[in-house]
Amino acid sequence: MKAANPDLGVIAVALQRLPPLPQVVNQAMWLMQHDVSRQEVAKVLALDESITSLCLRMVNSAYYSLPRRVVSLNEAIGYLGFDLVTEIVVTASTTKFFARSMPAYMMDRTALWRHSAAVAAGCDWIGRRRGIQPAAELYVAGLLHDIGKLAIDLLQKHGVEPQKQPVHWENPSEEASEEVDWLEIEKASVGHNHAEIGGMLAQRWNLTERVAEAIACHHAPNNATVDPTFAAAVHVANVAATMCGIGVGIGGLRLTLDDTALDRLSLTPLDISELMVAILDAVDKAEALLGMSR
Amino acid sequence: MARSEDGQDTLPTHLILVGLGKMEVSEDPEATLRAFGIGSTVAVSAYDPVRMAGGMLHAMLPHNNMVTQAPTKFVDTGIRALKEALLAMGLVEERLIWRFTGGGQVLGTARADILSNIARENIASATDTAARCGMAIFACEVGGHKGRTASLRMADGRLQVCDSEGHCMDFEAPAPAACLAEEKAPDVRYEAGTPAVARAGPQQAGGPLIGDLTDGTPREAAQ
């Protein structure tokens, strides 16, 4: 899908107010696309001391039950593989980025991070099950899929174009009707829904085209043209995480599942159950390791 | 207890969080058990008003067909595990008041029944399992398209259900008849001839009752 015409105003304000995307995310993505040595990778990922130590803590946790204590990222890559270490690095480095409450969506400090980590874990599971490549890109798309909500929340907070605010957002305690479409409310409020804004932000951050598209199309995976499988995976992972109740905000469970996405990924009901269990396990693990308890 | 702006109780002194796929029990009369993030999942609570003790389960899937997983991830094995844990604490089975909430659905396109089925089956599994165990269970706010938080207060057994938009409903322990279904969930209701319920709490004079999802009034369960 061609990205919607970037609304320079909204994106500019969002970029200005959002903290910068941790550099390591772009670097990890770059490394994914280039054939580089393990040492080279470790060197780049280890840019940040605190991230390195966090990663080593995760790698050495009981969850991965490695035969012996790992002391460097280089070694960790040897044991766990490049993809897994990249995912750990990216998760650890974006924890702070996501740890903020979003009053406009009635989500508390940990809700967005939990939801993002859950969808990333879901993407990971689907990707493994269906052999979707590149795995690290799919993981990043899942992790950043709701980044547009953070931008809209910031805009709401700062009262950008308040005259455009719809009833529900002016008074969220109003009983929302069953038919209310939150994507439309977002659009009426700031000109684009959170998925479109997320896609534009991803482009500005120089993430790959398929990642930007998967973010932009995560509520309408049928619109994807660059890599429809990517968009379908993020879409299904998002629905599964929401069903688990992870990061459910103001719209409740009012999100529409596109069943062609399930077909595209050949997922059965039992697969969805397993996906939900996998998401729960992954979020529990990440939460414990990163100290993100409520 | 003080209430915050969104109607939810401010944090009680002894708040015990019930994680997804887990259960917690308590006999601390000052404790509150709370399950956050109830989506398609269900939170099942049991309360003994005499001992001022009880437990809560937050299960995510209806039937346990994954042997390697913890029983508390599933409604059927979870309810049994919760019952066992409560009896092991010395609570009296006949006094336990069982209630559950949750089972919200995502919206699907025409053929996407797969996921709404998980929510529906979670609700069905809660009533079926309770019936099989010979217990009355009451549905308090189920179905719809809501995310919810459930809190069980040990002091008086009040079950508070708040949705993700901040609306809260209180269900007092001795009056399970107050439990209503989500009215806007026409596809979530008991079918005629719901499995028999053998026992009910001592407060329910007049024999076994089960909350009726269609109009909220209690009705006699078929024996």
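Trainee: How do strand 1 of chain A and strand 7 of chain B pair?
Mentor: Strand 1 (residues 256-257) of chain A and strand 7 of chain B run in the parallel sense and share 2 bridges. Strands pair when DSSP finds at least two bridges between them. Helices (H or I, at least four residues) and strands (E, at least two) are DSSP runs, numbered from the N terminus.

Trainee: And which residue is the bridge partner of A:T256?
Mentor: That is B:L107 in strand 7 of chain B.

Trainee: Before I go on, what am I looking at and how is it numbered?
Mentor: This is a predicted model, where local features need pLDDT of at least 70, side-chain atom pairs count only at pLDDT 80 or more, and totals for chains, interfaces and linings use all residues. Residues are numbered from 1 along each chain as its sequence is written, while chains are lettered from A and ligands numbered from 1 in the order in which they are written.

Trainee: Got it. How many residues of the two chains are in contact?
Mentor: 33 residues of chain B are in contact with 30 residues of chain A; contact requires C-beta atoms, placed from the backbone, within 7 Å.

Trainee: Which element of chain B gives the most to that side?
Mentor: Helix 2 of chain B does, with 4 residues. Strand 3 (31-38), strand 7 (107-108) and helix 2 (113-132) of chain B each supply at least two.

Trainee: What sort of residues are on that side of chain B?
Mentor: There are 12 nonpolar, 15 polar and 6 charged ones. Ala, Val, Leu, Ile, Met, Phe, Trp, Tyr, Cys and Pro count as nonpolar, Asp, Glu, Lys and Arg as charged, and the others, Gly among them, as polar.

Trainee: New topic: how many helices and strands does chain B have?
Mentor: Chain B has 2 helices and 13 strands. Of its 223 residues, 52% are buried, meaning 20 or more other C-beta atoms within 10 Å of a residue's own, with C-beta atoms placed from the backbone (12 or fewer is exposed, in between is partly exposed).

Trainee: Is strand 6 of chain B covered on one face or both?
Mentor: Both. B:I97, B:R99 and B:T101 are buried on one side, and B:W98, B:F100 and B:G102 on the other. In a regular strand, side chains alternate between the two faces of the sheet.

Trainee: What are the partners of strand 6 of chain B?
Mentor: Strand 4 (residues 42-48) of chain B pairs with strand 6 of chain B in the antiparallel sense over 6 bridges, with B:Y47 opposite B:I97. Strand 8 (residues 137-142) of chain B runs parallel to strand 6 of chain B, joined by 4 bridges, and B:F100 has B:A139 as its bridge partner there.

Trainee: Over to chain A. At what angle do helix 5 and helix 6 of chain A cross?
Mentor: The axes of helix 5 (residues 73-80) and helix 6 (residues 82-98) of chain A come within 7 Å and cross at roughly 125 degrees. Axes are lines fitted to C-alpha atoms, for helices over the stretch in contact, and angles run from 0 to 180 degrees between N-to-C directions.

Trainee: What classes of residue make that contact?
Mentor: The contact of helix 5 with helix 6 of chain A has 7 nonpolar, no polar and no charged residues.
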